[in-house]
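Please find below a colleague's note on the model under review. The entry itself is shown first.

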Amino acid sequence: MDIYRSHVLVCGGTSCNAAGSPKIFEKLNVEIKKAGLEKEVKVVKTGCFGLCEAGPIVIVYPEGSFYSKVADKDVQEIVSEHLKHSRIVDRLLFKDADANIITSLDDIGFYKMQERIALRNCGIIDPEKIDEYIAFDGYKALGQCLTQLKPQQILDVIKDSGLRGRGGGGFPTGLKWQFAKDEDSAQKYVICNADEGDPGAFMDRSVLEGDPHAVLEAMAISGYAIGADMGYIYVRAEYPIAVQRLEIAIEQAKEYGLLGKNIFDTGFDFDLEIRLGAGAFVCGEEMALISSIEGFRGEPKPKPPFPAQKGLFNKPTIINNVETLANIPQIVLNGAEWFSSMGTETSKGTKVFALGGKIVNTGLLEIPMGTTLREIIYDIGGGIPDGKQFKAAQTGGPSGGCIPDEHLDTPIDYDSLLSIGSMMGSGGLIVMDEDNCMVDVARFFLDFTVDESCGKCPPCRIGTKRMLEILERIVAGQGVQGDIEKLERLGKNISISSLCGLGKSAPNPVMSTLKYFRDEYEAHINGKKCPAGHCKALLNYIINDKCIGCGACKQVCPTDAISGDKKEAHLINQNDCIKCGACMDKCKFAAIDKK
Amino acid sequence: MIQVDQKLMREELISFIEEQKKKKGPLMPVMQKAQELFGALTIDVQELIASELDIPMSDVYGVATFYSQFSLEPKGEHIVSVCMGTACYVKNIEKIMDKLVDVLGVEPGETTPDNKFTLEPTRCLGCCGLAPVIMVDDQVYGRLAPSDVAGIIVGY
């Protein structure tokens with residue numbers, strides 16, 4: 001094996017890829033060769049580092065120098081200064097919110113509070129090389145399971161660990177496996193649910209892109225534990241990099257004899273197949289997902305029978321989320337006690353969150369259960385940008401709710417989030433500030449649900465549509481007395497009478513915003529005002545006395561609604577104004593108010 | 001020439017179907033392959049799939065109309081996908097969409113008359129760190145302002 005004095009890690013996650021990391025990777029190799037350093041320095045393309053905001057990210061080891069927002073033109077300097085002369089390029093180093101230069105990864109606030117189990121290899125290994133995974137104890141847990149443990153012993157470890165499903169429901173994983181093991185059937189199946197549909201969530205994608213073998217290993221372990229020899233990975237087609245890395249990983253694992261026939265010479269067979277989704281959110285629901293793999297419309301079915309009894313092709317089946325699976329090898333290696341020592345009474349271990357929206361450090365993070373939202377948003381996330389006020393944190397995507405300031409100190413776990421009207425969901429965490437209208441956010445999620453409702457059961461198909469119509473009316477300034485009560489009644493009925501999780505949770509965004517931001521609804525309906533200044537129909541653009549009459553707004557107005565002579569205060573004709581906001585964007589003197 | 005292509009593509013699809021038939025639940029992979037080959041699942045393509053897999057046409061049509069990635073009509077040369085995820089939404093993707101509608105002269109979901117662009121609202125693209133984001137074919141453009149839009153489109 002070749003030994004290198006320095007490793008340059010380039011993030012190859014979707015976000016950094018989009019920001020230009022493939023070119024940087026290529027150019028680093030070219031420049032390193034030019035400098036004659038190719039035997040001393042190795043460039044590695046890894047999975048997601050997590051701090052997407054700072055992408056494209058390049059880390060140079062052994063120093064751990066964290067270069068952020070690297071551009072093509074910076075590559076030569078990194079090679080000639082840092083790699084050749086050991087002079088760190090200060091201007092490219094990551095700077096924290098107070099503009100302090102951070103020299104090492106370990107000093108970045110974003111990483112300090114994290115505990116990485118599911119993400120342990122993301123951003124460290126090359127996901128396209130099985131040897132790197134093996135070097136980090138990869139497939140060791142599978143080896144132990146097959147050669148030293150009986151299936152029931154594995155189940156006991158998973159049960160004792162307290163691991164609960166990370167896809168949203170939070171069902172105890174060990175129990176799910178036990179149900180499937182107890183079924184008497186010659187054919188059973190294992191499914192990995194990688195149909196990550198929540199808008200604003202990208203945890204599963206990052207694990208698949210950064211550490212695909214961990215998922216394969218866990219699936220083989222679960223297959224051995226319940227007696228299945230076949231597994232399916234159902235992954236979104238919108239994730240081309242993840243799919244490609246999974247394909248490479250499966251091929252390599254088969255080559256090494258870690259998948260396929262007679263694994264580790266134990267007589268255990270396990271094969272895997274990738275199935276692509278085709279853009280249907282409801283397929284994240286387990287029964288719908290099964291229908292989709294079978295080749296039908298992705299419509300849920302009533303339960304029972306549960307998938308563990310009658311699942312894929314009517315055989316006992318377990319379905320686990322990507323993040324849940326990524327925890328399994330570590331639990332086997334380190335023991336149930338190690339895992340259950342982290343977290344809260346009812347929720348053990350860690351949770352990965354995708355932090356986005358109005359927050360300084362957007363990206364991916366993994367924290368012990370029980371961390372508070374305040375710690376996530378302010379200590380890890382770096383707070384709200386542009387000096388704006390925090391308004392709400394949205395968890396659980398279209399199934400979850402908005403959490404206001406007063407609940408920011410709630411320690412996050414499955415049960416605490418439910419108790420404040422939201423839910424864990426798969427881990428999307430979107431931060432909103434004073435400029436976001438909560439009625440419109442509720443409308444946004446309902447719009448999504450209406451679009452994605454499969455149409456099988458009437459409460460969801462018709463009920464959510466009626467709720468959306470009311471919300472559309474309210475944001476258009478046509479809300480009437482009684483709308484709030486109607487929304488509440490509809491929401492309650494849809495929740496109790498829908499067939500699957502999608503319908504049952506669809507009213508959550510409305511119910512939680514009604515609970516915490518009722519005043520905004522009332523302002524829209526009674527006062528015909530949008531307090532956040534977002535809803536177009538309720539806004540007027542008005543020129544204030546800061547106007548110097550430069551005429552920039554007049555030029556940019558698409559409807560010629562602005563009048564006024566040079567160097568005189570201008571005026572917007574409200575009848576002609578289409579409220580596009582172009583004038584406000586153009587004005588350099590803050591002379592236009594949105595009221 | 002086009003007819004020759006059509007014939008070759010049909011043959012390729014038929015041999016793919018033969019391969020998939022050995023597996024359980026072949027319909028989705030077959031339809032994904034067909035869409036990749038033909039660009040859309042037109043009625044005659046669906047009929048071919050139904051007869052080769054020996055299943056009712058209604059099943060094929062049911063699946064084709066259920067999933068948003070299947071299209072019954074051919075799309076433009078370039079697909080402009082506009083992310084409608086939450087992170088992009090709270091960062092004003094609407095303004096980017098308005099600008100695209102303006103620049104391309106078509107409404108969301110439509111294709112330009114010269115068949116060059118199809119404007120598509122899409123589910124979360126998962127690059128929330130770069131919000132607001134659009135994707136033209138496989139190329140992602142992030143941290144956008146409405147003023148960036150025209151420049152991106154001109155490049156195609």
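The numbered points that follow cover the basis of the model, its domains, its interface and its cysteines.

1. Basis. This is a predicted model, in which local features need pLDDT of at least 70, side-chain atom pairs count only at pLDDT 80 or more, and totals for chains, interfaces and linings use all residues. Residues are numbered from 1 along each chain as its sequence is written, chains are lettered from A and ligands numbered from 1 in the order in which they are written, and side-chain values use heavy atoms, with hydrogens and water left out.

2. Confidence. The model has an ipTM of 0.90 and a pTM of 0.92.

3. Domains. The bounds quoted here come from an automatic or database domain assignment. Chain A comprises domain 1 (6-108), domain 2 (130-340), domain 3 (350-433), domain 4 (438-525) and domain 5 (540-594). Between domain 1 and domain 4 of chain A, the C-alpha centres are 46 Å apart. Chain B is assigned domain 1 (2-66) and domain 2 (78-154), with 30 Å between their C-alpha centres.

4. Interface extent. Chain A contributes 57 residues to the contact and chain B contributes 37 residues, contact meaning heavy atoms within 4.5 Å. About 3700 Å² is buried between the two chains, 54% of it from carbon and sulfur atoms; this is the accessible area (1.4 Å probe) that two parts lose on being put together, summed over both. On the chain A side, A:Ala278, A:Arg297 and A:Phe444 lose the most area to chain B, together 16% of what that side buries.

5. Four salt bridges are found across the interface of chain A and chain B, each a side-chain nitrogen of Lys or Arg within 4 Å of a carboxyl oxygen of Asp or Glu. A:Glu452 and B:Arg123 form a salt bridge through their side chains, at 3.6 Å from N to O.

6. Cysteines. No disulfides occur in any chain, the criterion being a pair of cysteine sulfur atoms within 2.5 Å. The sulfur of A:Cys11 is too far for a bond, because the closest cysteine sulfur, in A:Cys16, is 3.6 Å away. A:Cys145 is likewise in no disulfide, the nearest cysteine sulfur being that of A:Cys192 at 17 Å. A:Cys11 is buried (under 20% relative accessible area, with over 50% exposed and partly exposed in between; 1.4 Å probe, protein chains only), at 2%. A:Cys145 is also buried, at 0%.
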